[in-house]
Amino acid sequence: VSSAWTSYFYESNSTTNSSGYGTFLATYPVISVLIAICHCMLIMSIPIIVRLFSIEGAYSQSVDIIPLISLGILLHGNYLIFTKTLVWKKKTALLATTSGISVLVNIILNFLLIPVYGISGAAVATVISYASIFLLGLFFSQKVHYIGFPLKITFASISFAVIFTLLQLSEEIPKRIEMLSESLILLFIIGLLMLSLHSLRKSLN
């Protein structure tokens with residue numbers, strides 16, 4: 001997605017109409033929702049992956065952090081999409097600032113969390129640092145060159161991914177509540193898809 005957006009972004013800005021991002025912005029709500037759904041599907045398929053590759057012993061500890069790492073990748077992917085404007089406007093100092101703050105957050109949290117939670121603490125530190133670079137990158141990029149991204153749908157998709165991840169990581173959820181939460185999540189997915197498709201049709205008309 002980031003690679004496709006890069007080409008489209010620079011092609012749009014090479015013309016006299018530098019705001020011609022309509023096609024990408026029209027499809028981005030659908031893309032944002034699909035990325036969140038893929039994240040959730042990966043988490044749900046973890047037991048299958050474990051059985052398929054016979055993951056056991058010391059390696060089994062890594063299975064517990066897959067949801068967090070996947071969530072971090074989701075956040076970083078959105079960061080790459082939003083920050084193309086900083087490169088185009090030659091504001092690479094802001095990119096360095098966001099990266100530096102993210103690294104600092106990661107280092108501090110690693111020192112605090114790893115002694116207590118081990119590998120899980122490192123995963124949490126990674127997710128939080130990715131969240132910080134995503135939010136800072138979004139803020140700076142929109143300040144430098146505003147693009148009308150459908151942020152409500154983007155944040156709804158990310159919030160959904162975060163909630164789903166936390167629910168899957170919780171080992172103390174009663175079975176009935178778990179079934180109810182899965183039903184609500186399914187309804188939420190349908191709602192997000194309908195909202196994104198409506199946005200797509202509205203943009204294309």
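Select helix 4 (residues 66–82) and helix 7 (residues 119–144) of this predicted model. Their axes come within 8 Å and cross at roughly 15°, so helix 4 and helix 7 are roughly parallel to each other. Axes here are lines fitted to C-alpha atoms, for helices over the stretch in contact, with angles running from 0 to 180 degrees between N-to-C directions. Angles under 35 degrees count as roughly parallel, over 145 as roughly antiparallel, 65 to 115 as roughly perpendicular and the rest as oblique. Helices are DSSP runs (H or I, at least four residues), numbered from the N terminus.

Residues are numbered from 1 along each chain as its sequence is written. Local features need pLDDT of at least 70 and side-chain atom pairs count only at pLDDT 80 or more, while totals for chains, interfaces and linings use all residues; side-chain values use heavy atoms, with hydrogens and water left out.

Look along the pair: helix 4 passes helix 7 in a left-handed crossing (the near helix is turned anticlockwise from the far one by less than a right angle; clockwise would be right-handed). Next, show the side chains in contact, meaning heavy atoms within 4.5 Å. On helix 4 they include Leu68, Leu75, Tyr79 and Phe82, and on helix 7 they include Ala123, Val127, Phe134 and Gly137. By class, the contact of helix 4 with helix 7 has 15 nonpolar, six polar and no charged residues. Ala, Val, Leu, Ile, Met, Phe, Trp, Tyr, Cys and Pro count as nonpolar, Asp, Glu, Lys and Arg as charged, and the others, Gly among them, as polar.

Step off the end of helix 4 to Thr83, in the loop between helix 4 and helix 5 (84–88). Thr83 is buried, with a relative accessible area of 6%; buried means under 20%, exposed over 50%, and partly exposed in between (1.4 Å probe, protein chains only). Not counting residues up to four places away in sequence, Thr83 touches Leu95, Gly137 and Ser141.

Now select Leu94 in helix 6 (residues 92–117). At 22% relative accessibility, Leu94 counts as partly exposed. Leaving out residues up to four places away in sequence, Leu94 touches Leu86, Phe140 and Val144.

Phe134, Leu135 and Leu138 in helix 7 meet Leu151, Phe155 and Ile158 in helix 8. That contact has six nonpolar, no polar and no charged residues.

Finally, colour the aromatic rings. Rings of Phe, Tyr and Trp (its six-membered ring) pair if their centres lie within 6.5 Å; planes under 30 degrees apart count as stacked, over 60 as edge-to-face and the rest as tilted. By this rule the count comes to four aromatic pairs. The rings of Phe134 and Phe155 have centres 5.9 Å apart and planes at 55°, so the pair is tilted. Phe134 is buried at 3% relative accessibility, whereas Phe155 is partly exposed at 31%. Ring pairs link Phe82, Phe134 and Phe155 into a cluster.

The last stop is Phe160 and Phe164, a tilted pair with 6.2 Å centre to centre and 45° between the planes. Both lie in helix 8, four residues apart, about one turn of the helix, and both are buried.

Terms used:
Helices (H or I, at least four residues) and strands (E, at least two) are DSSP runs, numbered from the N terminus.
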